[in-house]
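Here is a short report on one protein model and its ligand. Please look at the structure first, then read on.

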Amino acid sequence: MEQTYSAAHSRYERMEYTRCGESGLLLPRISLGFWHNFGESDDDLMGQRMVFSAFDQGITYFDLANNYGPPPGSAEERFGNILHNHLRGYRDEMLIATKAGHAMWSGPYGDWGSRKSLIASIDQSLRRLRLEYVDIFYSHRYDPQTPLEETMMALADIVTKGKALYVGLSKYPADKLKEAVVLLRREHVPVVVHQVRYSMFVREPEMELLELHQSLGLGTISFSPLAGGLLSGKYLSGIPIHSRAAGNSPFLTPETVMSRMQQIKALNEVALSRGQTLSQMAIAWQLYDNRVSSVLCGASSPEQIQENIGALSNIQFSSSELTRISEILK
Ligand code: NDP
């Protein structure tokens with residue numbers, strides 16, 4: 001008989017949950033995504049341990065996309081298997097999200113935001129995830145070549161058909177975000193969240209988007225909050241062999257690590273003085289701003305997840321800490 005996973009009874013004790021914009025949906029303040037470390041060649045058992053560890057510590061939101069892997073689709077497949085084999089009994093305690101809009105399959109229909117692409121993609125994702133519906137389905141990026149109305153009506157139909165409960169948008173420019181939300185709300189589609197890249201090193205959302213989300217009643221999910229690991233203790237003494245920067249990621253190169261080293265070290269000093277690790281402080285710094293609904297982290301081990309959740313123990317900052325951090329980030 002198959003061994004069944006039994007979730008920790010204490011799983012909701014450490015996590016905090018906050019309303020996603022003006023919707024009824026509650027998000028954990030820290031979430032887990034599977035962009036990296038969840039592809040076909042990654043360790044099965046490690047993947048399983050990360051999911052269990054996250055869920056055991058109150059992470060209820062799991063973020064995927066059709067193209068996560070490599071190869072594209074393999075992260076959904078892996079997560080689908082873990083869910084099916086071990087977590088089926090907990091489906092109603094979990095928020096599972098996926099996206100479409102980046103290059104996924106060959107030919108003219110496997111990318112961007114046409115109706116043809118989105119409708120095919122959600123069906124593929126549901127098959128890989130072995131689910132009847134996802135909780136949030138995202139348009140992964142704005143498509144300047146497709147009429148916005150076409151993309152939004154495809155999302156509306158996906159919700160109407162019961163394949164997604166809520167709609168999310170990701171990386172939309174502010175003007176298109178506003179238009180998209182109007183179109184969706186006109187059709188009574190529950191659009192609840194916008195995903196943006198945001199961290200101590202990537203501050204653009206502070207210029208307009210964080211305020212805009214509030215005025216539109218959307219939640220904010222900030223992705224890559226550790227700048228892919230730069231804002232952790234990982235690179236303090238060089239580039240470890242098993243790290244994103246040592247791989248081929250165009251988003252985190254050894255050059256970027258070296259150019260940020262002075263700031264990383266100075267931020268680490270501030271973190272230590274607060275009794276936190278650097279990754280904990282980087283996450284806490286976002287959670288201090290309650291316009292951020294959930295900080296969407298990645299991880300390569302359950303220990304990293306455990307450490308990052310420790311950020312919740314101190315999300316307050318004194319004015320002198322904030323000043324020092326601003327000086328470092330100048
Ligand atoms: P992070 O900035 O959190 O980076 C995660 C990486 O940081 C890990 O893989 C690990 O690197 C390192 N790390 C995490 N915790 C620790 C720790 N405690 N100590 C040391 N190192 C640590 O986020 P990601 O860039 O991975 O993005 C998170 C999620 O956001 C994605 O999985 C995806 O779901 C979503 N996303 C959405 C996008 C969109 O377009 N909407 C785009 C990008 C991401 P290592 O692997 O080297 O150990």
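## The shell around the ligand

By class, the shell around the ligand holds 9 nonpolar, 17 polar and 5 charged residues. Ala, Val, Leu, Ile, Met, Phe, Trp, Tyr, Cys and Pro count as nonpolar; Asp, Glu, Lys and Arg count as charged; the others, Gly among them, count as polar. In total, 31 residues surround the ligand. The closest are Gly33, Trp35, Phe223, Gly229 and Gly298. A residue is near a molecule if its C-beta atom, placed from the backbone, lies within 6 Å of it.

Strand 10 (294–297) and helix 9 (302–309) each supply at least two residues of this shell. Helix 9 gives the most, with 3 residues. Helices (H or I, at least four residues) and strands (E, at least two) are DSSP runs, numbered from the N terminus.

## Model and confidence

This is a predicted model: local features need pLDDT of at least 70, side-chain atom pairs count only at pLDDT 80 or more, and totals for chains, interfaces and linings use all residues. Residues are numbered from 1 along each chain as its sequence is written.

The protein chain averages a pLDDT of 96, and 99% of the residues score at least 70. pLDDT is the predictor's confidence in each residue, from 0 to 100. Confidence is lowest in helix 1 (residues 44–56), at a mean of 96. Strand 6 (residues 134–139) is highest, at 99.

## Helix 1 against helix 9

The axes of helix 1 and helix 9 come within 8 Å and cross at roughly 20°. Axes are lines fitted to C-alpha atoms, for helices over the stretch in contact, and angles run from 0 to 180 degrees between N-to-C directions. The two helices are therefore roughly parallel to each other (angles under 35 degrees count as such).

Helix 1 contributes Arg49, Met50, Ser53 and Ala54 to the contact; helix 9 contributes Pro302, Ile305 and Gln306. Contact means C-beta atoms, placed from the backbone, within 7 Å. The residues of this contact divide into 4 nonpolar, 2 polar and 1 charged.

## Backbone details in the loops

A cis peptide bond joins glycine 69 and proline 70, with omega about 0°. Another cis peptide bond joins proline 70 and proline 71, with omega about -10°. Proline 70 is found in the loop between strand 4 (61–63) and helix 2 (74–87). Proline 71 lies in the loop between strand 4 and helix 2.

Asparagine 37 sits in the loop between strand 3 (30–33) and helix 1. Its phi is near 65°, a positive value in a residue other than glycine.

Methods: Parallel < 35°, antiparallel > 145°, perpendicular 65-115°, else oblique. Contact = placed C-beta atoms within 7 Å.
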